[in-house]
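Welcome to this set of exercises with worked solutions. Have the sequence and the 3D view ready, and try each task before you read on.

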Amino acid sequence: MKNSVIILGSTGSIGVNTLEVISANQDNFSIFALTANSSVENLSSQCKIYKPRYAHVSREEDAKKLSLNLKNMDLNTEVLFGRESLNALVALQEIDTVVCAISGSAGLESSLNAVKSGKKILLANKESLVMCGKLFMDLAKESNATILPIDSEHNALHQCFSSNDEKFVQKIILTASGGPFLKMDLNDFDKITKEQALDHPTWNMGNKISIDSATMMNKGLEIIEAMYLFDLKLSQVDVVIHPQSIVHSMVCYSDGSIISQVSKNDMKIPISYCLGWPERISSCVNLIDLTKSQPLTFENISKERFPCFYLAKEVAAIGESVPTVMNAANEVAVSAFLKNSINFNDIYKIIYETVEKHNKEKIISIEDVFRIDNDSRIKATEILKHYINL
Ligand code: NAD
Ligand code: MG
């Protein structure tokens with residue numbers, strides 16, 4: 001029997017890479033459904049190739065355009081739109097595997113519904129764990145859902161953890177590329193353009209995560225992601241900059257051994273690991289030739305250069321509702337930077353001020369998460385007004 005897959009966010013960077021891996025393993029997988037926000041043309045082309053049973057977009061007007069395209073292609077794919085139909089779609093019994101590859105907090109609700117239905121979850125959407133990691137993991141335990149991380153560092157850790165018993169783990173080390181501004185003069189940071197920030201030296205990713213990598217907020221989010229995925233304390237999570245992006249993270253054991261996962265920097269590797277788990281399938285990526293790799297270097301993270309990273313560490317230590325607030329403020333600030341409305345350095349200031357004004361509270365339910373996310377966006381948008389470039 002083929003494994004039946006839904007890709008949430010199939011037109012994005014992770015979505016497209018997942019489809020490539022599935023194309024190379026057609027005997028094992030079938031595409032049951034594909035979803036996108038509004039990229040109707042890309043989604044139409046994907047439907048033509050993969051002939052899913054369902055295709056989903058956010059808005060009705062896009063659903064109409066998609067239906068027309070698919071009708072012209074003579075496809076039987078049913079077109080759906082809106083929040084509720086997406087929540088119902090991910091829970092359908094015919095689905096074995098859900099790839100959660102929507103970017104940002106928009107991916108939370110569908111990911112949670114997939115978790116509740118006890119599926120095999122391939123989680124790229126790290127924001128879900130930052131917003132409500134405890135709730136997310138508790139739900140997974142209750143429903144018996146399997147969570148496999150696509151994020152390359154956490155995927156590497158998943159691979160390293162399986163080699164030894166958890167009780168011998170001392171700590172983990174996440175690696176970070178350092179992004180495009182690792183060596184830039186600090187005096188030039190206020191002039192950083194959107195194009196420079198999107199030009200990541202080692203990974204080709206969607207816009208939001210590329211900006212997060214440039215500020216290194218991404219690594220802050222990943223600390224929180226790792227704490228919930230692997231049940232670790234903040235003191236057990238170290239981060240080093242490794243600009244070559246070849247060692248994808250490490251687990252340190254109590255006897256002084258460090259186990260790492262090493263490969264080319266291609267997201268098809270973590271994606272194929274998750275799709276095939278517990279077996280291995282083809283990723284279509286060749287082994288890395290270590291004799292041809294640059295020297296592998298590791299360095300500490302400068303506080304002056306990457307304040308977002310250190311803010312995220314403080315936020316991780318406080319926990320409760322504060323990571324949810326930070327995540328919302330980050331999304332508001334990144335989106336404004338991508339519209340050229342604020343400077344690169346303002347991203348940190350907006351997040352810091354939003355977090356500072358928040359009074360920590362306990363997150364009991366998913367309604368709490370949505371309320372805090374929404375309130376924080378309103379607060380961050382107010383703060384942002386003081387930074388808008390005229
Ligand atoms: P992307 O921007 O390239 O793609 C996002 C996808 O989500 C698209 O298909 C888009 O149509 C869909 N989408 C966006 N907003 C939506 C909304 N409101 N409702 C429904 N669908 C929506 O993003 P990406 O780089 O593929 O990243 C996806 C997730 O994976 C993010 O959480 C990111 O942090 C994580 N991730 C990505 C990479 C990478 O290499 N790209 C690596 C690690 C983790
Ligand atoms: Mg990562």
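**Exercise 1. The shell around the ligand**

Which of the 23 residues around ligand 1 come nearest?

*Solution.* First, a word on the model: it is predicted, so local features need pLDDT of at least 70 and side-chain atom pairs count only at pLDDT 80 or more, while totals for chains, interfaces and linings use all residues. Residues are numbered from 1 along each chain as its sequence is written, chains are lettered from A and ligands numbered from 1 in the order in which they are written, and side-chain values use heavy atoms, with hydrogens and water left out.

Step 1. A residue belongs to the shell if one of its heavy atoms lies within 4 Å of the ligand. The nearest are Thr 11, Ser 13, Asn 37, Glu 127 and Gly 206.

Step 2. Sort the shell by class: nine residues are nonpolar, 11 polar and three charged. Here Ala, Val, Leu, Ile, Met, Phe, Trp, Tyr, Cys and Pro are nonpolar, Asp, Glu, Lys and Arg are charged, and the others, Gly among them, are polar.

Step 3. Look at the domains, whose bounds come from an automatic or database domain assignment. Domain 1 (3–149) and domain 2 (151–314) each give the shell at least three residues.

**Exercise 2. Contacts and cover**

Find how far a backbone N or O atom of Gly 206 lies from an oxygen atom of ligand 1.

*Solution.* Step 1. A polar contact is a pair of N or O atoms within 3.5 Å. For Gly 206, the distance from a backbone N or O atom to a ligand 1 oxygen is 2.9 Å.

Step 1. Now the cover: ligand 1 taken alone exposes 820 Å², and the protein buries 84% of that. These areas come from the Shrake-Rupley method with a 1.4 Å probe.

Step 2. Helix H1 (13–23) and helix H6 (126–143) are the elements that give two or more residues to this shell. Helices (H or I, at least four residues) and strands (E, at least two) are DSSP runs, numbered from the N terminus.

**Exercise 3. The second largest pocket**

Which element gives the largest share of the lining of the second largest pocket?

*Solution.* Step 1. On a 1 Å grid over the protein atoms alone, a pocket is an open set of points with protein on both sides within 12 Å along at least five of seven lines, a cavity is a set where a 1.4 Å probe fits but cannot get out, and lining residues have an atom within 4 Å of a point.

Step 1. The pocket holds about 870 Å³ of space, a volume filled by probe spheres set on grid points joined across faces, edges and corners.

Step 2. Among its 29 lining residues, Met 137, Tyr 228, Leu 229, Phe 230 and Asp 231 lie nearest the centre. H6 gives the largest share, six residues.

Step 3. By class, the lining has 16 nonpolar, eight polar and five charged residues.

Notes. Polar contact = N/O pair within 3.5 Å; in protein donor to acceptor, adjacent residues only side chain to side chain.
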